Amino acid sequence: MMQFKPSVLTLALIAAGASMSSYGAEEAANTQTATEEPIEVIQVTGIRRSLQESQATKMSNSSVVEAISSEDIGKLPDVSIAESLARLPGVAAQRLDGRANVISIRGLGPDFTTATLNGREQASVNDNRGVEFDQYPSELLDQVVVYKTPDATLMAQSIGGTVDMRTISPLAHGEQTFVIGARGEYNDLGALNSDSTDKGYRFNFSYVDQFLDDTLGVAVGYARMSSPNQEERWQAWGYPEHEFVTTNPKVLGGAKPFVRSSELKRDGVLAVVEYQPNDKYRSLFDLYYSKFEDQQQLRGIEIPGAWGGPAPWDPIGWANKGITATAQDNGLITEGVIKEAAVVVRNDINTRDADALSIGWNNQYQINDNWAVEADIALSRASRTDIGMESYSGTGRGNGNGATDTLGFAYDGEGRYTFSHDLDYADAALIKLGGPFSWGNPMGPDSQDGFINKPEIDDELKSMRLAAEYIFDDGAVRSIEFGVNYTEREKSKLDQGFYLTLKDYPSMVTVPEKYLLDPTSLEFFGMGNMLSYDSLAFYNDGNYIETNADTIDLSRATNSWKVYEEVTTAFVKANLETEIGGLPLTGNVGLQAVHTDQSSDGTVATVDSGSVVKTPITAGDSYLEWLPSMNLTLEVAEDQVVRFAAARTLTRARMDKMNANVNFSYDANPSDGVNWSGGAGNPELRPWLARQYDISYENYFADQGYFAVAAFYKDLENYIYNQNSDFNFGEVFPDVPGNPIGNVSQPQNGNGGYIRGIEATVQLDFGYFAPAMEGFGVYLSGTYNESEVKETADSEPTTLPGLSEKTFNATMYYENSGFQARVSSRYRSDFLGEVTKISLQRENVNIMAETVVDAQIGYDFSESGIDALYGLSVLFQVNNLTNEPFISYFGDDKRFVRDYQNYGRNFMLGVNYKF
């Protein structure tokens with residue numbers, strides 16, 4: 001029977017460790033098969049090594065996968081994992097504070113993507129399950145594989161896909177290696193806040209060695225990053241009709257422009273110990289730890305527009321005397337004047353302190369030629385503490401007090417506005433500490449002088465897997481794998497928020513000299529300089545009185561929760577190797593039985609006599625789902641395959657939606673006749689479920705060249721959404737007068753829909769076609785997606801959050817004689833993305849299409865012929881080369897910009913030394 005045999009180079013790459021970090025039985029079998037062939041050892045480094053190893057991984061896997069491999073020890077192709085992932089077909093990244101942070105796979109957002117480290121699901125620092133990939137230093141990873149189709153042995157499957165981050169196997173590496181690297185970093189916007197920096201650095205080292213006659217392997221690594229980030233952000237409240245008349249053009253409702261400076265610090269540590277005393281037993285222990293700190297200074301002026309002026313419900317106006325329009329265009333007022341305008345000068349601080357720990361121990365034993373067993377235990381733990389502080393200042397306390405300004409504004413044609421002003425907002429004698437608007441009364445009238453959020457997240461995930469494989473001597477079924485996987489997960493959120501009131505309330509306070517900083521320029525939107533001070537130091541020195549928000553704010557009382565999950569998965573998979581019509585057919589069919597027991601601790605909260613009353617509650621559910629899967633690969637010609645896959649997959653509900661919290665309120669004199677209202681989580685939420693089908697054609701025409709085209713269809717069985725429904729409060733409170741039927745909002749499992757799309761990828765080494773083009777190459781991919789989901793049978797269809805209809809990626813490179821250069825571009829069309837709103841909560845908004853371009857150039861002195869410089873390389877990189885902004889908008893008119901974020905460019909210059 002003819003076997004599908006990869007090329008000599010592919011065999012060499014597999015033997016040298018292209019799949020060396022995969023601990024599954026399939027990859028081990030592939031490696032064993034490959035090493036039986038007489039192969040030529042070929043030394044490959046740099047960009048081409050990364051592309052060739054990625055191609056080898058895709059080629060040899062039974063599932064539909066994409067892969068990124070390191071160019072050398074401690075060097076993935078990009079400065080972050082998410083940026084590398086975003087260059088793969090069908091994968092798109094969303095930027096946060098200028099850096100790629102979370103990803104979508106085949107149009108499905110971060111909620112539908114699972115991340116694993118060496119095959120084990122990871123705890124996360126956010127409110128949900130999605131991993132923030134900037135927690136993982138790219139310098140410590142050897143390979144990342146994206147599984148677009150699951151098999152029965154993939155424990156952390158998801159409807160979108162599974163991202164498996166892999167560390168190095170020291171025994172497969174096979175030689176002693178020490179690598180050290182350092183880079184300096186610079187942001188070209190400069191230091192926008194005087195207490196920030198526009199310069200940073202990165203440092204990393206890795207050590208790999210083998211001992212005891214190559215039976216014991218050790219790999220350790222450390223990576224530190226201090227990365228500057230600057231941003232000019234225009235942010236709008238919204239765009240109501242002028243004077244609130246529906247036939248009038250839209251006008252700016254209000255704005256909160258600011259400049260943000262941050263310094264992101266991250267330390268990562270990796271340790272791998274591998275022991276293989278013979279060809280029967282292999283034990284591997286890996287530990288990964290990262291600590292992540294981010295401090296942001298945000299300074300700006302919040303300007304109420306139309307929503308601060310006269311309105312039918314407020315004839316006077318609480319912040320200004322209305323807007324005089326001087327120019328308009330196609331339904332939008334583009335120039336005008338805000339009369340007698342009051343503003344709030346804000347010196348805000350955001351900090352994040354997060355850490356993640358992952359420990360795993362895997363043991364494999366080959367009992368005889370037919371039987372092999374495996375045991376794996378793991379712990380993943382993550383925690384996060386945030387501070388989001390708002391500090392207010394202005395010309396007087398409360399609405400209608402203090403000096404006002406005449407503010408002219410003009411639309412710039414790109415979604416932002418520029419202002420003109422008369423007052424000096426950097427004058428410490430004019431701008432004083434205290435709340436200039438009547439936003440809250442925690443200790444008396446107009447006593448909200450700021451606010452501080454202090455959410456904390458703790459997530460712990462334990463797992464144990466026992467598996468066995470029986471290998472048949474002959475027949476169409478090569479082997480049978482079966483086993484059981486058990487996980488326990490506990491995730492909690494403690495959401496604390498406090499109103500801040502000056503100790504000198506009701507007086508406004510001049511900023512003490514010791515807290516004053518150099519003024520901050522807001523010239524990017526025309527407001528000149530503003531008063532700047534160290535608000536966090538002022539807070540830490542005890543100058544505010546704190547009032548817990550959950551004692552007076554019903555919605556805050558139900559923001560904390562705990563969710564528990566116990567998941568037992570029994571699985572069986574048959575690995576196939578046969579022929580159809582003389583053509584080799586390989587693959588697998590399998591089944592998972594997944595039993596889930598979930599529960600949540602929460603709070604029932606209501607308001608009684610002006611105070612919030614809280615009562616603990618626990619609720620939950622259990623269920624069983626059957627998940628069949630099939631992956632087939634038919635070699636239709638030499639180095640050409642057709643793949644077909646079908647599976648039923650699940651993605652668990654968002655953990656922040658699974659809370660048991662309930663809040664309700666009663667209004668004795670409602671304007672709409674509805675006395676009762678409320679909101680709740682849903683600890684009985686079932687997972688998203690889908691039946692998915694994939695077909696692809698792959699042509700591997702060269703060692704570093706292939707063409708692939710794929711089509712997929714995902715039939716969503718259900719969809720989770722927030723449902724407003726009637727509830728009979730009279731059954732609980734029969735003696736309360738009024739209408740007993742109230743409205744309650746709660747996440748529910750609704751109707752489903754579909755996602756479908758096509759993908760195409762081309763990887764070319766131009767030297768394959770013409771010797772004169774040796775070293776030049778290109779990697780191109782494109783995806784087209786479309787989706788439709790319906791919350792209920794009667795609701796209008798919508799698209800899925802995270803779905804860009806079109807994504808394109810292009811990388812052009814040159815690598816020869818030690819020189820290397822690369823330009824990469826990634827494009828995604830408009831999509832619905834998740835961003836941060838008030839009180840660090842999350843919401844979905846429309847995000848505009850973007851094209852992000854990065855570039856790098858370097859030289860490896862190992863090919864210079866200078867022995868003293870052997871192992872030394874230099875690299876210059878530019879991220880966001882074209883200074884692409886991040887833009888979100890309201891509704892369908894892209895002139896109604898919600899956020900316009902300008903990040904500038906980041907430049908990095910570094911050296912690596914390998915010996």
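**First stop: a hairpin**

Select β9 and β10, which form a hairpin with four residues between them; in the turn, L212 has a positive phi of about 50°. Strands, like helices, are DSSP runs numbered from the N terminus (E, at least two residues, for strands; H or I, at least four, for helices). This is a predicted model, in which local features need pLDDT of at least 70 and side-chain atom pairs count only at pLDDT 80 or more, while totals for chains, interfaces and linings use all residues. Residues are numbered from 1 along each chain as its sequence is written, and side-chain values use heavy atoms, with hydrogens and water left out.

Strand β9 (residues 199–211) and strand β10 (residues 216–238) run antiparallel and are joined by 11 bridges; two strands pair if DSSP finds at least two bridges between them. Select Q210 to find G217 of β10 opposite.

**Second stop: a helix**

Select helix α3, residues 46–60. Its 15 residues reach 22 Å from the first C-alpha to the last, close to the 21 Å expected at 1.5 Å a residue (1.5 Å times one less than the number of residues). Is α3 mostly covered or uncovered? It is mostly covered, as 15 of its 15 residues are buried (under 20% relative accessible area; exposed is over 50%, partly exposed in between; 1.4 Å probe, protein chains only).

Q592 lies in strand β29 (residues 583–608). This residue is buried, with a relative accessible area of 2%. Show its side chain together with that of Q157: a polar contact of 3.2 Å joins them (a pair of N or O atoms within 3.5 Å; within protein, one must be able to donate a hydrogen and the other to accept it, and residues adjacent in sequence count only if both atoms are side-chain atoms). Leaving aside neighbours within four places in sequence, Q592 is also in contact with other residues, including D151, F571 and W626 (heavy atoms within 4.5 Å).

**Last stop: K806**

Finally, select K806 in strand β40 (residues 806–816). K806 is partly exposed, with a relative accessible area of 36%. Not counting residues up to four places away in sequence, K806 touches T783, Y784, Y827, R828 and S829. The C-alpha atoms of K806 and S817, 11 residues apart along the chain, are separated by 37 Å.
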